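Please open the structure in the viewer and keep the selection tool at hand.

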Amino acid sequence: MMLGRVEPKILEPLERSPGYWSTVWRRFRRDPVAMGALVVIVLLVLMALLAPYLAPHDPYKGMALRRLRPPGTDGYPLGTDELGRDMLSRLIHGARLSLVMGVTPVLLALVFGSVIGVSAGYFGGWLNTVLMRTIDVLFAFPSVLLAIALSGALGAGTFNALVSLTVVFIPPIARVAESVTTAVRTRDFVEAARASGAPALTIIRKHVLSNVLGPIFVYGMSLVAVSMILASGLSFLGLGVKPPEPEWGLMLNTLRTAMYTQPLLCALPGLMIFITSISFNLLTDGLRSAMDIKA
Amino acid sequence: MTETSNRPLLEVVGLEKLFPIKSGLLGRPGAVVRAVDGVSFELREGETLGIVGESGCGKSTTARLVMHLIEPTAGAIRLEGRVVGSPELPLRSYLAKVQMVFQDSYASLNPRMTVEDSIAFGPTVHGISKPDAVRRARALLDRVGLEPRRFAGRYPHELSGGQRQRINIARALALQPRILILDESVSALDKSVEAQVLNLLLDLKAEFGLSFIFISHDLEVVRFMSTRVLVMYLGRVAEIGPTEAIYAGSRHPYTSALMGSILSMDPDHPTSEAPISGDPPNPIDPPSGCRFHTRCTLAEPVCSATAPPLHVVGGGHAAACHAATPGSGHSRSPGRAA
C-alpha cells in the first residue's frame with residue numbers, strides 16, 4: 001500500500017487545539033451578564049429540584065384564618081395566598097412546573113423542528129417545498145392564538161399544554177434549522193464530503209449537524225422564555241396546569257382578585273416569571289456572542 | 001502528441017449540463033443556462049490536462065460534473081472503459097478513484113473538525129477503521145509537508161491558506177485516487193506559496209502515479225503543469241491539444257486571444273496580438289453558430305450560421321473553428337488537402 005510506511009513520529013502524541021465549544025465557553029465566561037444569568041438559572045433549577053427540602057410549609061395546605069397575609073408576616077416571609085397557603089413554598093414548588101413548561105416544549109420542538117428543518121435544508125427540492133410550506137401554514141397563526149386553540153381543542157391539562165406548546169415552537173425552529181442548513185449545505189466541505197462518496201446521512205451526522213446544532217440550540221434557548229410566558233398564559237386562562245398545583249402563571253391568575261388589597265403579593269409570581277425569562281434571554285444573548293467567533 | 005497509451009484513463013463524452021431558470025408563480029422552467037454544452041475529452045494515464053477559459057465558461061461546472069457533484073443533463077463518463085454509475089463501476093467506487101481539491105481552502109474544510117478527522121473522514125466512509133484512517137491521515141500530513149504532531153489536532157482557522165490547501169490535497173489523496181481534479185486549487189494562494197504547492201503536486205503525482213485535471217485561469221501556471229490543454233468558451237470546447245501546440249500554434253482565434261493576454265516577459269517580442277475585449281455573451285441566450293463569433297476578429301457569415309465541429313488540425317490537436325476546418329465555407333479555411 002502506498003501509505004504503508006508509517007513512521008514512528010506519526011504516532012507521537014498530538015498538540016491538540018482547544019475545540020470549538022471550549023473556546024465558546026472561555027469567551028462566555030468573560031461575559032459577566034451572561035454568567036450572572038447562568039447562575040440565576042442554575043439556582044432556579046436547584047430550587048426546583050430541592051423544593052421539598054427548601055419550602056418551609058406544605059404548598060397545598062391552606063389556613064382559612066391566614067388568607068392574603070402581606071409579605072413579611074411572621075412565619076410567612078412572602079405572605080400567604082387567597083387560600084392561606086404559604087407563598088414562599090408555593091413559589092419554590094412552582095419553579096418545578098414552570099421550568100418544565102418552559103423547557104420541555106422547546107426541547108421537544110428542537111428535536112422535531114431540527115429533523116424537519118435539516119432534512120428540508122439538506123435535501124432541498126420538492127422535500128423542502130412540501131415541508132416548509134406546511135410549516136408556513138402553522139406560521140400563519142399567531143403563536144398565542146395557536147397555543148390557546150390547540151389547548152382548547154385538546155382540553156385543559158399539563159400534558160395537553162405541553163403538546164400544544166411543542167406544536168407552536170416547531171415552525172420557528174424548523175425555519176431556523178432550514179436556513180442554517182441551506183447555508184452549510186452549499187459550503188465546499190459538504191461538497192468534498194459528497195465527493196468522497198459518503199451517504200447523505202453520514203454527511204448530515206458528521207458535517208452538517210456539527211455546524212448547525214449550535215445556532216439552532218441557541219435559538220431554542222431564546223424560546224424558553226417565550227414558552228414559560230405562553231405556558232403561564234395558558235394556565236392563567238385555565239387551559240394549562242389545573243389548581244391546586246403551584247405554577248407561577250396559575251398563581252398569577254388566582255391571585256388577581258386580590259390585586260387591590262395585596263398588590264405586592266400578586267406581583268410575586270409575575271416577578272418569578274420575569275426573572276426566569278430575562279435570565280434565559282440574557283443567557284442566550286451571551287451564548288450567541290460567545291459563539292460568534294471570527295476565524 | 002505521442003501516443004502514450006491506447007486506452008484513456010478517463011473518457012468524458014458529450015457532457016452537458018443545463019440549469020433551468022425558474023420563472024413564474026409555479027416555478028415553471030423558463031430559460032435554461034447551457035453551462036456545459038457537449039464537452040468531450042480524454043485523460044490519459046499520468047498526464048495533466050489543463051482546462052482554461054474565462055470566468056463562467058463552464059470550467060468548474062465541468063469539474064463538478066466529472067466529480068458527480070451535480071448530475072449531468074446528458075453525456076457519459078468512463079473510467080478505464082467502464083461507465084460510471086453502471087453496475088460494473090458504482091458511483092462510490094468511482095469517487096474513491098477520482099478526487100477533487102477545491103479553490104477555497106477554508107470553505108472546503110469543516111470548521112468543527114480537526115485536520116486529521118477531516119482527512120480521515122473519506123477512508124472511514126469507504127470502510128477503513130477509524131484508527132487506520134487516522135494513521136493514514138497522519139502519514140499523508142507528513143507527506144504534504146505538515147508535521148503530524150503539530151497539525152493533526154488543529155482546526156482549519158488556525159492555519160494559513162497554503163497549509164490548508166496542503167490539507168485539502170492530503171484529504172483528496174486519503175482515498176488513494178488515480179485522478180485528482182484541481183479546480184483553481186492554487187489560485188487563491190500567494191505566488192511563492194503557489195509555487196511550493198505546485199511543486200508538491202508534481203512530486204505527489206510522480207510518487208502516487210496520479211493523473212491531473214488542472215483547472216485554472218492562470219495561463220502560465222497551466223502551461224507549467226499541463227501535458228495537454230483544453231480551452232473552453234461558453235460551455236464548449238474551443239480547442240484541445242498538446243500544451244506547446246496550444247501555446248505556440250493555436251488554431252482557434254479565442255485561444256490566440258487568450259494567449260495574447262499573457263504579458264510578454266521579453267522586451268524584444270512584446271505582446272502583439274490584440275487581447276480579447278468585452279465580456280462573454282450571456283449563456284442563457286448564446287450566440288448562434290460559433291459562440292465566439294460576436295467577439296472574433298475572423299468572424300464571417302458562416303460563423304453565425306453553423307457551429308463549427310471540433311476538427312483535428314494536427315497530432316492530438318483539434319480546434320472548433322471554421323477558419324481551421326477545410327470546406328467550411330470560411331475564406332481562411334484550408335484546402336481539402338490540409
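This is a predicted model: local features need pLDDT of at least 70, side-chain atom pairs count only at pLDDT 80 or more; totals for chains, interfaces and linings use all residues.

**Stop 1: chain A as a whole**

Among the contacts in chain A between residues at least 6 apart in sequence, 71% link residues that are at least 24 apart.

**Stop 2: a pair of helices in chain A**

Next, select residues 87–123 of chain A, which form helix α4, together with residues 200–236 of chain A, which form α9. How do the axes of these two helices cross? They come within 7 Å and cross at roughly 145°, and the crossing of α4(A) and α9(A) is right-handed.

Show the side chains where the two helices meet. On α4(A), the residues in contact include A:S98, A:M101, A:G102, A:V106, A:L110 and A:Y122. On α9(A), they include A:I204, A:V208, A:F217, A:G220, A:L223 and A:M228. By class, the residues of this contact between α4(A) and α9(A) comprise 17 nonpolar, five polar and no charged.

**Stop 3: a cis peptide bond**

Proceed along chain A to the loop between α9 and α10 (248–255), where A:P244 is found. Select A:P243 as well, and examine the bond between the two residues. The peptide bond from A:P243 to A:P244 is cis, and its omega is near 10°.

**Stop 4: where chain A touches chain B**

Now display both chains and select the residues at their contact. How many residues does each chain give? Chain A contributes 29 residues and chain B contributes 39 residues. On the side of chain A that touches chain B, the elements giving two or more residues are α8 (188–195) and α9 (200–236) of chain A. The most comes from α8(A), with seven residues. Colour this side of chain A by class to see 12 nonpolar, seven polar and 10 charged residues.

**Stop 5: a hairpin in chain B**

Move to chain B and select strand β11 (residues 311–314) and strand β12 (residues 317–319), which pair in the antiparallel sense over three bridges. Within this pairing, B:H311 has B:A319 in β12(B) as its bridge partner. The hairpin of β11(B) and β12(B) has two residues between the strands, and B:G316 takes a positive phi near 70° there.

**Stop 6: two loop residues with positive phi**

Finally, select B:H68 in the loop between α1 (59–66) and β4 (74–79) of chain B. Its phi is near 60°, a positive value in a residue other than glycine. Is B:H68 buried, partly exposed or exposed? B:H68 counts as partly exposed because it has 18 C-beta neighbours inside 10 Å, and a residue needs 20 or more to be buried.

Then select B:Q176, placed in the loop between α6 (161–173) and β7 (179–183) of chain B. Although B:Q176 is not a glycine, it has a positive phi of about 55°. With 18 C-beta neighbours inside 10 Å, B:Q176 counts as partly exposed.

Definitions and conventions
Residues are numbered from 1 along each chain as its sequence is written. Chains are lettered from A and ligands numbered from 1 in the order in which they are written. Two residues are in contact if their C-beta atoms, placed from the backbone, lie within 7 Å. Two strands pair if DSSP finds at least two bridges between them. Helices (H or I, at least four residues) and strands (E, at least two) are DSSP runs, numbered from the N terminus. Ala, Val, Leu, Ile, Met, Phe, Trp, Tyr, Cys and Pro count as nonpolar, Asp, Glu, Lys and Arg as charged, and the others, Gly among them, as polar. A residue is buried if 20 or more other C-beta atoms lie within 10 Å of its own, exposed if 12 or fewer, and partly exposed in between; C-beta atoms are placed from the backbone. Axes are lines fitted to C-alpha atoms, for helices over the stretch in contact, and angles run from 0 to 180 degrees between N-to-C directions. A crossing is left-handed if the near helix is turned anticlockwise from the far one by less than a right angle, and right-handed if clockwise.
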